[in-house]
Amino acid sequence: VPSLLSGLSHVLQPTEAVGALPRPQHVHRLDLPTGGLVLIAKTRSAQVALGAMFEQRTVEKQYVAIVHGRLEGSGSVTDPIDSKEALTFYESTKHATHPILGAI
């Protein structure tokens, strides 16, 4: 994250909002094992509010996935992720056929 933070000032425009931070601050790295997403705050109030949401575990995450084969219906999976308890709900919303892979 340190090299990422040093590069942020070159790609993010500063804000003039009340409580603006001197430079963007890393709040959280979501799902590092899968490539992840980095959450950045530009104001102190955003930094505090987002940090509190992660501490209190009130953040809900939604993903879109492409799977090989045919997944029908909806359900849940309770397998651990990175040795941590996890509850994942899924719903099949669309089916397609790839010319090489077949059903995806």
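Colleague: Where is the place of phenylalanine 54?

Modeller: Phenylalanine 54 is in helix H2. Keep in mind that this is a predicted model.

Colleague: Is phenylalanine 54 buried or exposed?

Modeller: Phenylalanine 54 counts as buried, because its relative accessibility is 18% and the cut-off for buried is under 20%.

Colleague: What does phenylalanine 54 touch, if we skip residues up to four places away in sequence?

Modeller: With those left out, phenylalanine 54 touches His28, Leu30, Leu39 and Val59. Take histidine 28: it is 26 residues from phenylalanine 54 in sequence, and their C-alpha atoms are 8.0 Å apart in space.

Colleague: OK, on to strand S1. Where is proline 24 found, and is it buried or exposed?

Modeller: Proline 24 is found in strand S1. At 12% relative accessibility, proline 24 counts as buried.

Colleague: Which residues does proline 24 touch, again not counting those up to four places away?

Modeller: Proline 24 touches Leu5, Leu8, Leu12, Ile40 and Ala41.

Colleague: Which residues is arginine 29 in contact with, leaving aside neighbours within four places in sequence?

Modeller: Arginine 29 is in contact with Gly35, Gly36, Leu37 and Val38. Histidine 68 is another matter: the C-alpha atoms of arginine 29 and histidine 68 are separated by 27 Å, and the two are 39 residues apart along the chain.

Colleague: Let's zoom out. How many helices and strands does the protein have?

Modeller: There are two helices and six strands. Going along the sequence, the pattern is α-β-β-α-β-β-β-β.

Colleague: Why is the protein described as more spread out than a compact globule?

Modeller: Its radius of gyration is 19 Å, well over the 13 Å that the globule rule gives for 104 residues, so the protein is more spread out than a compact globule. The C-alpha trace spans about 50 × 35 × 25 Å along its principal axes.

Colleague: What share of the residues is buried?

Modeller: Buried residues make up 10% of the 104 in the protein. Phenylalanine 54 and proline 24 both count as buried. As for the surface, the accessible area is about 8,700 Å², and 56% of that belongs to carbon and sulfur atoms.

Colleague: What about contacts across the sequence, how many join residues at least 24 apart?

Modeller: Taking contacts between residues at least 6 apart in sequence, 31% join residues at least 24 apart.

Colleague: How do the lining residues split by class?

Modeller: The lining of the largest pocket has 20 nonpolar, nine polar and eleven charged residues.

Colleague: Last topic, the loops. Where does arginine 57 lie, and what is its phi near?

Modeller: Arginine 57 lies in the loop between H2 and strand S3 (74-77). Its phi is near 55°, a positive value in a residue other than glycine. At 73% relative accessibility, arginine 57 counts as exposed.

Colleague: And serine 83, what is its phi near?

Modeller: Near 65°, and here too the value is positive in a residue other than glycine. Serine 83 is found in the loop between S3 and S4. Serine 83 counts as exposed, at 78% relative accessibility.

Colleague: Back to the loop between H2 and S3: is isoleucine 66 buried or exposed?

Modeller: Isoleucine 66 lies in that loop and counts as exposed, at 73% relative accessibility. The C-alpha atoms of isoleucine 66 and alanine 96 are separated by 9.7 Å, and the two residues are 30 apart along the chain.

Technical notes
Residues numbered from 1 in each chain as written. Predicted model: local features only at pLDDT ≥ 70, side-chain atom pairs only at ≥ 80, totals over all residues. Heavy atoms only, no water. Nonpolar A, V, L, I, M, F, W, Y, C, P; charged D, E, K, R; others polar. Helix = DSSP H or I, 4+ residues; strand = E, 2+ residues; numbered from the N terminus. Rg over C-alpha atoms; globule rule 2.2 N^0.38 Å. Buried < 20%, exposed > 50% of the residue type's maximum accessible area, 1.4 Å probe, protein only. Contact = heavy atoms within 4.5 Å. Areas by Shrake-Rupley, 256 points an atom, 1.4 Å probe, with all protein chains shown as cover.
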